[in-house]
Structures are given as C-alpha cells and as structure tokens.
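Hi everyone, thanks for making time this morning. Let me put the structure up, and then I'll walk you through its charged pairs and a few other spots.

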Amino acid sequence: MTGKPKHWLIGVAQRAEVPGVDVLDVEPGMPVADAWSQLGRACELEDDVIAGYVATHFRLSLANVDDSEPGALKLVPEKVARELRVFPLRQDDRSLVVATCDPTDFNAEEMLGFASGRKPVFEIAAPGQLQEAIDSAYRPNSDVENLATYGWWRLERHRRRRGS
C-alpha cells in the first residue's frame, strides 16, 4: 500500500496506529460514509472511536448532535444539510458550528459560509449519527410545517388517507 494514494480517513487511522488498517485498500475518491463504514468493519471499530481519531487528528471537537440550537438549524436549508452531510449545532454573529464527518470538505465549508453568511466551524460526528440528526431535525412535525411544505389540499388528502 506504500506509494499508492489512499483515502484521508485511512491515513488518520494509520497515524492513530489502528491495528489492521494497513491491509485496507480504500480509494481516495470513495465517499466518506463508505470509507468510514469499511474502516469500522475491517478494524472492528465503533463509529464514536473513529470520530475520536478524526477529531484528534484535525484538532477539532466531537459534536453533540443532541444539543443543537434552533437558530442554527434555520441557517442551513435541509437540501444543503443533506447534500453536504452536515448538521448545524449553534451560531453566533460571526460563526456557525456544524457537525460533519468530513473536515476535509472545503466545498462544504465554502457552501455553508455562503448559505449562512457566517464562518463555518467544524465538529466531528459519525455519518450515521449525522443522518439521524438531519432526518429528525428537518422532519416536518406539525400541521403548520406540512401546510407550508405541501399545501392545504395535500395535507387534507393525507389526513383523509390516515383517517384523521
């Protein structure tokens, strides 16, 4: 595996001296979630352990996706959060803290800055954890949100189908 380009996540695991990582052949262009999963399976690592290695390597904090502020969520549209696989955590006048599984994604950093008008600050979370947080936070959970999203006639049709 020497000389052959490798995925940045494999480099992080090698620097952390994870046993068995040297036999992994993960292409540099593999999506981070897939590389994360492959590393976890092959080296028998839990997602939070990998997140710890990534956070330590990049000198970033671990994200707590259960402790996000509603104001931060409003700064990142759902489509952007899903596309970039990021989850907004908190914000102030100048910065927006987001959870990511890929701190090397400079495109995400640029897009978040543009979308929010603030400087993005990354914290690390596992891909699955991010997906769950995104699905939970952006899920329409009230009739008002459903009405705004689907229109009153679709909401009524949905209610009739549900029997409510």
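So, let's start with one side chain: is Arg 82 buried, partly exposed or exposed? Arg 82 is partly exposed, with a relative accessible area of 34%. For those words, buried means under 20% relative accessible area, exposed means over 50%, and partly exposed is in between, with a 1.4 Å probe and protein chains only.

A word on where this comes from. This is a predicted model, in which local features need pLDDT of at least 70 and side-chain atom pairs count only at pLDDT 80 or more, while totals for chains, interfaces and linings use all residues. Residues are numbered from 1 along each chain as its sequence is written, and side-chain values use heavy atoms, with hydrogens and water left out.

On confidence, pLDDT is the predictor's confidence in each residue, from 0 to 100. The protein chain has a mean pLDDT of 87, and 83% of its residues reach 70 or more. Please be careful with residues 142-147, where the pLDDT is below 50; beyond near neighbours in sequence, that stretch has 9 contacts in the model. Contact here means heavy atoms within 4.5 Å.

Now, the charges. How many salt bridges does a search of the whole structure find? The search finds 3, where a salt bridge is a side-chain nitrogen of Lys or Arg within 4 Å of a carboxyl oxygen of Asp or Glu. As a general point, side chains of opposite charge can pair when their charged atoms come close.

Back to Arg 82, whose side chain meets that of Glu 78 in a salt bridge at 2.8 Å, N to O. Why can these two be partners along one helix? They are 4 residues apart in helix α5 (residues 78-84), so about one helical turn separates Arg 82 from Glu 78. Helices here are DSSP runs of H or I with at least four residues, strands are runs of E with at least two, and both are numbered from the N terminus. Glu 78 is also partly exposed, at 34% relative accessibility.

Arg 82 has another partner, Asp 135, in a salt bridge of 2.6 Å, N to O. Asp 135 sits in helix α7 (residues 127-138) and Arg 82 in helix α5, so this pair ties together parts that are 53 residues apart in sequence. Asp 135 is partly exposed, with a relative accessible area of 35%. Put together, Glu 78, Arg 82 and Asp 135 are linked in a network of salt bridges.

Next comes the pair of Glu 123 and Arg 90, whose side chains meet at 2.4 Å, N to O. This pair links distant parts of the chain, with Glu 123 in strand β3 (residues 119-124) and Arg 90 in strand β1 (residues 86-91), 33 residues apart. Glu 123 counts as buried at 9% relative accessibility, whereas Arg 90 counts as partly exposed at 32%.

Leaving aside neighbours within four places in sequence, Ser 95 is in contact with Arg 90, Arg 118, Lys 119 and Val 121. Ser 95 is buried, with a relative accessible area of 16%.

Last stop, helix α3. Which residues of α3 are buried? They are Ile 50, Ala 51, Gly 52, Val 54 and Ala 55, and they pack against α1 (8-15), α2 (32-43) and β3. Just after α3, Arg 59 takes a positive phi of about 55°.
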